[in-house]
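Please open the structure in a viewer and keep the sequence panel in view.

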Amino acid sequence: MKRKPMMAGNWKMNKTISEAKELALALKASAGAETKVDVVLCPPFLAIPTVAGAVAGSNIKVAAQDFFWKEKGAYTGEISAQMIKDGGCASVVIGHSERRGRFGKVEDDLVGEGLGPFGDNNTTVNTKTKAALDAGLLPIVCCGETLAERKTGKTDLVVKSQVLAALAGLSGEEIAKVVIAYEPVWAIGTGEVCDSAEANRVLGMIRGALAELVGDTAQAMQILYGGSVAPDNIEELMAQPEIDGGLVGGASLVAEKFQALIDAAAKARGGCCGCGG
Ligand code: PEP
């Protein structure tokens, strides 16, 4: 089955409000009319309303990088699903490895699951996924193995268990609304992209796990690759049948680079998904 690709730019803790506006306006000018690719921008919380305002009236959607699952209350420093929605988000990234405390190459032997400063783990990711769906937000749920796990042959075990844990207790209808992003921790921000055939294999494994839950519906679900995606490797990645786009950090911070990724995704899968393109 042909699926519409998605290109989601995770700006992480980058861009002041004015810088975020500038980047969003540049992308609105170049990608605002895009119909062949779901273009998503994930600015820092503070810039969400500004970015949402900047891209209003275009096809670009805005996502938050995280949220807390409670509706409201005494949770100092936290932000709810309703708040990010009110700010203009249609979507939210959940369980990024940097929030799970699973950092890149250098730290991944030092920091274990759930021990980082931000405390996400399989349980909180599941709770957040449910809460996002309840709020009408599209969850982009991250999974991925550390370098140590890959080196010891645990990639599939770790990734599958993260995916199944994230979706535990959800109905088939709910699962069908989730986007999965496979992001090998060792490839994030390191310039070391995962071999495209290997990324394709892992995504196929993930789709197989989804099929165990929702059958053929898994064929329609978007599964992204993330980890040092850049203009010079996007064509090879998008040529892989299981890769439905990217969750992109560094290369999403420069309008021309992110646009090159969007263009490559449109070219690779353009006009194939009933999107009218
Ligand atoms: C990310 O932020 O999820 C990511 C994959 O970062 P980068 O593209 O910089 O590796």
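Begin with glycine 88, which is partly exposed at 33% relative accessibility; here buried means under 20% relative accessible area, exposed over 50%, and partly exposed in between, for a 1.4 Å probe and protein chains only. Glycine 88 sits in the loop that joins helix H3 (81-86) to strand S4 (91-94). Helices (H or I, at least four residues) and strands (E, at least two) are DSSP runs, numbered from the N terminus.

The model is a predicted one, in which local features need pLDDT of at least 70 and side-chain atom pairs count only at pLDDT 80 or more, while totals for chains, interfaces and linings use all residues. Residues are numbered from 1 along each chain as its sequence is written, and side-chain values use heavy atoms, with hydrogens and water left out.

**Two loop residues**

Select lysine 12 next, in the loop between strand S1 (6-10) and helix H1 (17-31). Most residues other than glycine have a negative phi. Lysine 12 is not a glycine, yet its phi is positive, at about 50°. Serine 228 likewise is not a glycine and has a positive phi, of about 60°. To find serine 228, go to the loop between strand S7 (223-226) and helix H10 (234-238). With a relative accessibility of 18%, serine 228 counts as buried.

**The largest pocket**

Return to lysine 12 and display Met13, Gln65, Asp66 and Arg99 with it: of the 17 residues lining the largest pocket, these five are the closest to its centre. The space in this pocket amounts to about 400 Å³. Its lining comprises 8 nonpolar, 4 polar and 5 charged residues. In this classification Ala, Val, Leu, Ile, Met, Phe, Trp, Tyr, Cys and Pro are nonpolar, Asp, Glu, Lys and Arg are charged, and the others, Gly among them, are polar.

On a 1 Å grid over the protein atoms alone, a pocket is an open set of points with protein on both sides within 12 Å along at least five of seven lines, a cavity is a set where a 1.4 Å probe fits but cannot get out, and lining residues have an atom within 4 Å of a point. Points are joined across faces, edges and corners, and a volume is the space filled by probe spheres set on them.

**The cavity**

How many cavities of 30 Å³ or more does the structure hold? There is 1, and the largest cavity contains about 50 Å³ of space. Select Gly95, Ser97, Cys143, Gly144 and Glu183, which lie nearest its centre among 10 lining residues. Helix H4 (97-100) and strand S5 (138-143) each contribute at least two residues to this lining.

**The cysteines**

Now show the cysteine sulfurs. The whole structure has 0 disulfides, a disulfide being a pair of cysteine sulfur atoms within 2.5 Å. For cysteine 142, the nearest cysteine sulfur is that of cysteine 143, 7.5 Å away. Cysteine 194 also has cysteine 143 as its closest partner, but at 12 Å the sulfurs are too far apart for a bond. Cysteine 142 is buried at 1% relative accessibility, and cysteine 194 is buried at 2%.

**Helix H7**

Finally, select residues 155-167, the 13 residues of helix H7. Colour Thr155, Val158, Val159, Gln162, Val163, Ala166 and Leu167, the buried residues of H7. These lie on the same side of H7, because they cover an arc of only 150° around the axis, taken from the directions from the helix axis to the C-beta atoms. Just after H7, glycine 169 has a positive phi of about 80°.

Conventions
Expected span 1.5 Å × (residues − 1).
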